[in-house]
Amino acid sequence: MQQAIDKVLADQQFILGSYVRSFENEVEKYLGIKHAIGVSSGSAGLVLALMALGIKKGDEVITTPFSFFATASSIVLVGAKPVFVDIDPRTFNLDPTKIEKAISTKTKAIMPVHLFGQCAEMDRILEIAKKHRLYLIEDAAQAFGAKYKGRFAGTMGDVGVFSFFPSKNLGGYGDGGMLITNDDLLAERIRRLRVHGQSQQYLHQEIGLNSRLDALQAVVLQVKLEYLYGWNEKRRANAQLYKQLFERSSIICPMEWPDNYHIYHQYTIMVNKRDHLKQYLTEQGIGSAIYYPLPLHLQPCFKYLGYEKGDFPIAEKCSEKVISIPIYAELTEAQIKKVAETILQFYQA
Ligand SMILES: *Cc1c(COP(=O)(O)O)cnc(C)c1O
C-alpha cells in the first residue's frame with residue numbers, strides 16, 4: 001500500500017489519469033462489465049447516474065424507504081420525486097410485489113438498493129422494469145462483489161453505483177465511488193458529466209459536476225481489490241457462525257436468499273428491546289450500530305412528499321428492531337462467540 005501511494009506522490013498525478021484508469025480496468029475485468037467510471041463518492045455516483053439517464057423535474061423514481069439517505073436525496077437533487085415502496089422484512093430489500101402499484105405515468109426508473117450486501121430480487125424487478133419501460137439503477141453501494149444468480153451486483157440494470165466509503169467492503173482511504181454500465185453512450189455521458197460536462201478541455205456540451213476519483217484512492221482500492229474475495233468469504237463464514245450461535249434463541253438472523261451470494265456488509269439482526277441491548281453492548285465494549293433508525297419517508301426534509309407514519313409499516317418496524325453487530329473479516333472465532341454470548345446473556349437476564 002505504501003509503495004502504491006509513494007508512486008502517486010512521486011508522479012503528482014492526483015486526479016483521474018492513468019492510476020484511475022488502471023483501477024477502472026481492473027474493476028471492468030473483475031465484474032465482467034464494459035465500463036467502470038471512477039467518481040468522487042457513491043452519493044455523487046447516484047446523482048450522475050440519474051443525470052446521465054436524463055431523469056429530471058417532473059419524473060418519479062421508485063425506491064426503498066429503508067436505505068442510506070443518499071438513495072433518496074440523489075433523486076431530489078436532479079429535481080425528480082422519490083416514490084417509496086415497502087420492503088421485505090426477511091431481506092430488508094424492496095418488495096417486488098408492491099412495485100407495480102407505485103408506477104404512474106411519471107415513473108422513469110426503479111432504484112433498488114442491495115442492502116447490507118445482499119441483492120434485491122432482481123429477476124422480478126428486471127421484469128417489471130422491462131414491462132413498463134423503466135430504467136433500472138442499482139444502488140450497489142454496499143454490495144461490491146455480491147452476486148445474484150451468478151451475476152454481480154451492479155451489472156444487472158442500466159447502471160450500477162458503488163461507494164468506496166472507508167467502511168464499505170471495498171473501502172478507500174477517503175471518499176470514492178464508481179459507476180458501471182455496458183451501455184457505450186451512457187458511459188460516455190457519465191465520463192463527461194463527472195468533469196463538468198466537458199467533451200474536451202474547456203468545451204462544455206452540458207452542465208456536469210466536479211466528481212472525479214482521485215489517484216490516491218484508486219491505487220489503495222486497486223491493492224485492496226485483490227483481497228476483497230477473501231474478505232467477503234471471511235464475512236460469510238462469520239455470518240454462518242453467528243447463525244449457529246443464535247439458533248433456538250429469539251434473535252432473528254439475516255436471511256440469505258437462495259441463489260444469492262451475500263457479502264454481509266452488515267450483519268443485521270432483529271431483536272426486542274433494541275435500544276437497551278445497544279446500551280448493554282456498549283457497556284461491554286462491543287461495537288454496534290443502527291442502520292437505519294428513521295426510514296427515509298419520515299425524514300424531516302422529505303415531509304413535503306406527504307408521507308406519514310404507517311405508510312410503510314415493514315420499514316418502520318425494521319427501523320425499530322434492527323441492530324448491526326461486528327462482522328468484519330479479521331474477527332476471531334472467540335470474538336464472535338463473545339459477541340453472541342453477550343447478546344444471549346442480555347436476554348436471559
Ligand atoms: C454508502 C452508501 C451510499 C453513499 O455512498 P458515499 O460514498 O458515502 O457517498 C449510497 N447508498 C447506500 C445504500 C450506501 O450504503
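This is a predicted model: local features need pLDDT of at least 70, side-chain atom pairs count only at pLDDT 80 or more; totals for chains, interfaces and linings use all residues.
**Ground rules**

I count residues from 1 along each chain as its sequence is written, and side-chain values use heavy atoms, with hydrogens and water left out.

**Entry 1**

I began with helix packing, where two packed helices are described by the angle between their axes and the distance between the axes. My helices are DSSP runs (H or I, at least four residues; strands are E, at least two), numbered from the N terminus. Axes are lines fitted to C-alpha atoms, for helices over the stretch in contact, and angles run from 0 to 180 degrees between N-to-C directions.

Helix 1 (residues 2-11) packs on helix 7 at about 155°, and the axes are 9 Å apart. The pair is therefore roughly antiparallel (over 145 degrees; under 35 is roughly parallel, 65 to 115 roughly perpendicular and the rest oblique).

Which residues make the contact (heavy atoms within 4.5 Å)? I found A4, I5, V8 and L9 on helix 1, and A215, L216, V219, V220 and V223 on helix 7. They divide into 9 nonpolar, no polar and no charged.

**Entry 1: helix 7 and helix 10**

Helix 7 (residues 215-245) also packs with helix 10 (residues 333-348), at about 35° with axes 10 Å apart. This crossing is right-handed. Helix 7 brings N238, L241, Y242 and L245, and helix 10 brings E333, I336, K337, V339, A340 and L344. I wrote down 7 nonpolar, 1 polar and 2 charged residues here.

**Entry 2: helix 3 and helix 4**

The axes of helix 3 (residues 42-52) and helix 4 (residues 70-77) come within 9 Å and cross at roughly 40°, which makes helix 3 oblique to helix 4. The crossing is right-handed. S43, L46, V47 and L50 of helix 3 meet A70, T71, S74, I75 and L77 of helix 4. That gives 6 nonpolar, 3 polar and no charged residues.

**Entry 3: the ligand**

How many residues surround the ligand? I got 15, and the closest are G42, S43, Q142, S163 and K168 (near means a heavy atom within 4 Å).

- S43 has one at 2.5 Å.
- Q142 has one at 2.7 Å.
- S163 has one at 2.6 Å.

Most residues other than glycine have a negative phi, and most peptide bonds are trans. Q12, in the loop between helix 1 and helix 2 (17-31), has a positive phi near 60°. Y291 and Y292 are joined by a cis peptide bond with omega about 5°, and Y292 sits in the loop between helix 8 (274-283) and helix 9 (313-321).

Terms used:
A crossing is left-handed if the near helix is turned anticlockwise from the far one by less than a right angle, and right-handed if clockwise. Contact means heavy atoms within 4.5 Å. Ala, Val, Leu, Ile, Met, Phe, Trp, Tyr, Cys and Pro count as nonpolar, Asp, Glu, Lys and Arg as charged, and the others, Gly among them, as polar. A polar contact is a pair of N or O atoms within 3.5 Å; within protein, one must be able to donate a hydrogen and the other to accept it, and residues adjacent in sequence count only if both atoms are side-chain atoms.
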